[in-house]
Amino acid sequence: MLEISEIFNAAAVLKDVARKTAIIPAPKLRPGTDIYLKTENLQLTGSFKLRGAYYKISQLSDEEKARGVIACSAGNHAQGVALGATHNGIKSLICLPAGAPISKIEATKGYGAEVCLVPGVYDDAYARAIELQKEHGYSFVHPFDDPKVIAGQGTIGLEILEQMPDVEAVIVPIGGGGLISGVAFAIKTLRPDVMVYGVQSSGAPSMAASLKEGKLCHLNDVSTIADGIAVKEPGVNTFDMCNKYVDEVVTVTDDEIAAAILALIEQQKLVAEGAGAVAVAAAMFGKLPIEGKKTVCLVSGGNIDVNTLSRVITRGLSKSGRNYTFIVDLPDKPGQLSGVCNAVGQKGGNIISVTHERINGSSAINGCTIRLELETRDKEHIAEIRTALTEAGYNVLN
């Protein structure tokens, strides 16, 4: 059983290792709510994972340290273990999914670890790590289902209560459950009146499904841009702790996650990875009852691959109504395109590109189709432009 004294001990060990990340106000994320961000994306290694990994390694015996450590990860735990092992003069081997972002793979190597890429997702990397651990006798550092790791992550809960004593709700991402287990245990032990909510991607809802069924559930596959929380099955310890200390778990879609990443960039000047933005997504899209509550969203990590970021921004623009493509069917005669552009321009739409198609099975023989990609303000603006085009006599297909 985890004791609160263990988390205080972890805080003492991590005092000169992990940053005490700031809590900053974010009132624009959802008007009418009192939202703040715990910026673990600005943590050393770019993620909260350093806390649990470093504390676990610090508590190994000399004999366990001498054998070296092995871990599996989607990327962030890998960097925490690599840094912790290197700081303690220990050899580390990390099994990563082959599809992990290149930036995370290279960063893990940069912190001094040997990397083993495994085809598949996190669970496949976990299986390979267990095989290698048995073959070579390494000390295994589990990414979430370990009391020492959970204690390390729980230091975030202590910091939130210290930095914001009047906090009323905390929203935390969930993958395997190590982060929310530690944070919820610390907060509920010291301040049981504070609500603790968990968020998963709808493409990897292993903890949400397990809590609903009242038993551990294994997902056959997971698919989400939030690679850091793409876990098929939660841990035994973390499931029990979430069942006891977490008030509610909800899910968000990839589009909602993308919109949250975009909002953090534009409004807060913060870069978050998919897993790091799910708490913000839940707050932005009204998934939790936080109206009137002083709420902290935990931005758990910022290690997003720049190529992925580009695609996510495009998706986020679309989800938030900042980008839209109209398809208009019209007669193929002079002046038609000019009329369409005029209608769009009068409503303040900015045309990015125009594609003109004369040969289209859905158009009349003497007709054509145009695609207009626009920059828009929001979904209401899109509706205004659609109405203007329709009132001008154009047939808007999309």
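A: Start with glutamate 256. At 9% relative accessibility, this residue counts as buried. Buried means under 20% relative accessible area, exposed means over 50%, and partly exposed lies in between, with a 1.4 Å probe and protein chains only. Keep in mind that the model is predicted: local features need pLDDT of at least 70, side-chain atom pairs count only at pLDDT 80 or more, and totals for chains, interfaces and linings use all residues. Residues are numbered from 1 along each chain as its sequence is written, and side-chain values use heavy atoms, with hydrogens and water left out.

Glutamate 256 sits in helix α11, residues 254-268. Helices (H or I, at least four residues) and strands (E, at least two) are DSSP runs, numbered from the N terminus. Which residues does glutamate 256 contact, leaving aside neighbours within four places in sequence? They are Ala281, Phe285, Lys287 and Lys319. Contact here means heavy atoms within 4.5 Å.

Now the nonpolar cores. A nonpolar core is a set of buried Ala, Val, Leu, Ile, Met, Phe, Trp, Tyr and Cys residues joined through side-chain atoms within 4.5 Å. The largest one has 37 residues, and Val167, Val170 and Val183 have the most contacts inside it. Two or more residues come from each of α1 (4-14), α7, β7, α8, α9 (206-213), α10 and β10. Helix α8 gives the most, with seven residues. Valine 170 touches Ile160, Val183, Ile187, Val194, Met195, Val196, Tyr197 and Val296, not counting residues up to four places away in sequence. Another core lies apart from this one, with 36 residues, among them Ala26, Leu29, Val250 and Ile257.

Next comes the sheet. Six strands form an open sheet in the order β1-β2-β10-β7-β8-β9, with mixed pairing. The edges are β1 (23-25) and β9 (248-252); each has a single partner strand, so one side of each lacks a neighbour in the sheet. On average, neighbouring strands are turned by 30 degrees against each other, direction ignored. Strand β1 pairs with β2 (residues 34-39) in the antiparallel sense, over three bridges. Two strands pair if DSSP finds at least two bridges between them. Isoleucine 23 stands opposite lysine 38 in β2. Helix α7 (residues 147-163) packs on the sheet and touches β1, β2, β7 (169-173) and β10 (294-299); the directions of α7 and β2 make about 135 degrees. Axes are lines fitted to C-alpha atoms, for helices over the stretch in contact, and angles run from 0 to 180 degrees between N-to-C directions.

Aromatic rings come next. Rings of Phe, Tyr and Trp (its six-membered ring) pair if their centres lie within 6.5 Å; planes under 30 degrees apart are stacked, over 60 edge-to-face, and the rest tilted. The whole structure holds three aromatic pairs. One of them joins phenylalanine 185 and tyrosine 245 edge-to-face, at 5.4 Å centre to centre and 80 degrees between the planes. Phenylalanine 185 lies in α8 (residues 178-190) and tyrosine 245 in α10 (residues 236-245), so the pair ties together parts 60 residues apart in sequence. Phenylalanine 185 is buried, at 6% relative accessibility. Tyrosine 245 is buried too, at 16%.
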